[in-house]
Amino acid sequence: MINNKDEIVFIIDDEESVRKSLALFLKASGYQVEPMGSSEEYLEREVHNGTGCLVLDVHLGGKSGLELQNELLGLNSHLPIIFITGQGNIPMSVDALKHGAINFLEKPFDDDTLLQSIAEAIELSRKLKIEKEEISKCQVLMDSLTPREHQILTLLITGMLNKQIAGELNIAEHTVKLHRHSICEKLGVKSVPEIIRIADKAGISQS
């Protein structure tokens, strides 16, 4: 059972009867739900920063469920998708699952299978949200560095020593040590492996 108001199951189906029956069933199962009739309606909604998932019909008027999935991938959404359809086929389901869908259920589907899929999707959503927040935090830490510190960090994570960095940048080794100390203080770390972990999370590679 879910008591977290920031955890929402979005039901997106253009058949009102399907939306209503699914909403009633999921509410009775302890979920907070938000039914919608189209992909456009979902995209117009304020971005949901909490956890949850989408129970999404494949065939919709306007933007299809698969098109919405592709758009949400581009937006780095942390809400997994469970597809539902009355007109499914194997290539379509394979494509949806390949792009990260939790399940592809043909109507009429088994209630227990739906509940199991939603539980799995929400658990994944929680993990993705934590990962997203950690990446954001690491990017903020990186942004706190000065251009020179950032320059030294990019050399540091390749395994270069202070003396080598000094030679590369044509500055004194003592200056590198001072910058290195400042980098560690700003990032809240004490070792190069910790710096590498934060840099990696922030998208800075050891090239």
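**Salt bridges and the sheet**

Mentor: Glu 16 and Lys 20 are 4 residues apart in helix α1 (residues 16-28), so about one helical turn separates them. Keep in mind that this is a predicted model.

Trainee: What do Glu 16 and Lys 20 form, and how far apart are the closest N and O atoms?
Mentor: They form a salt bridge, and those atoms are 3.3 Å apart.

Trainee: Is Lys 20 buried or exposed?
Mentor: Lys 20 is exposed, at 51% relative accessible area. Exposed means over 50%, and Glu 16, at 46%, is therefore classed as partly exposed.

Trainee: How many salt bridges does a search of the whole structure find?
Mentor: The search gives 12. One of them pairs Glu 34 with Arg 45, with the closest N and O atoms 2.7 Å apart.

Trainee: Which parts does that pair tie together?
Mentor: Glu 34 is in strand β2 and Arg 45 is in the loop between α2 (39-44) and β3, so the bridge links parts 11 residues apart in sequence. Glu 34 is partly exposed at 23% relative accessible area, and Arg 45 is partly exposed at 25%.

Trainee: And Glu 134, what is its partner?
Mentor: Arg 197, with 2.8 Å between the closest N and O atoms. Glu 134 belongs to helix α5 and Arg 197 to helix α9 (residues 192-201), so this pair ties together parts 63 residues apart in sequence. Glu 134 has a relative accessible area of 28%, and Arg 197 has 43%. There is also a network: Asp 13, Glu 15, Asp 57 and Lys 107 are joined by salt bridges that share partners.

Trainee: Switching to the sheet. What is the strand order?
Mentor: β2-β1-β3-β4-β5, an open sheet of 5 strands with parallel pairing. β2 (32-36) and β5 (103-106) are the edge strands, each pairing on one side only. On average, neighbouring strands are turned by 20° against each other, ignoring direction.

Trainee: How many bridges join β3 to β4?
Mentor: There are 4, between residues 51-57 of β3 and residues 81-85 of β4. Within β4, Phe 83 is the residue opposite Leu 56.

Trainee: Which helix touches β4 and β5?
Mentor: Helix α4 (residues 90-98) packs on the sheet there, and its direction makes about 150° with that of β5. Helix α5 (residues 111-143) lies across β1 (7-12), β3, β4 and β5, at about 135° to β3.

Definitions and conventions. Residues numbered from 1 in each chain as written. Predicted model: local features only at pLDDT ≥ 70, side-chain atom pairs only at ≥ 80, totals over all residues. Heavy atoms only, no water. Pairing = 2+ DSSP bridges. Helix = DSSP H or I, 4+ residues; strand = E, 2+ residues; numbered from the N terminus. Axes fitted to C-alpha atoms, helices over the stretch in contact; angles between N-to-C directions. Contact = heavy atoms within 4.5 Å. Salt bridge = Lys/Arg side-chain N within 4 Å of Asp/Glu carboxyl O. Buried < 20%, exposed > 50% of the residue type's maximum accessible area, 1.4 Å probe, protein only.
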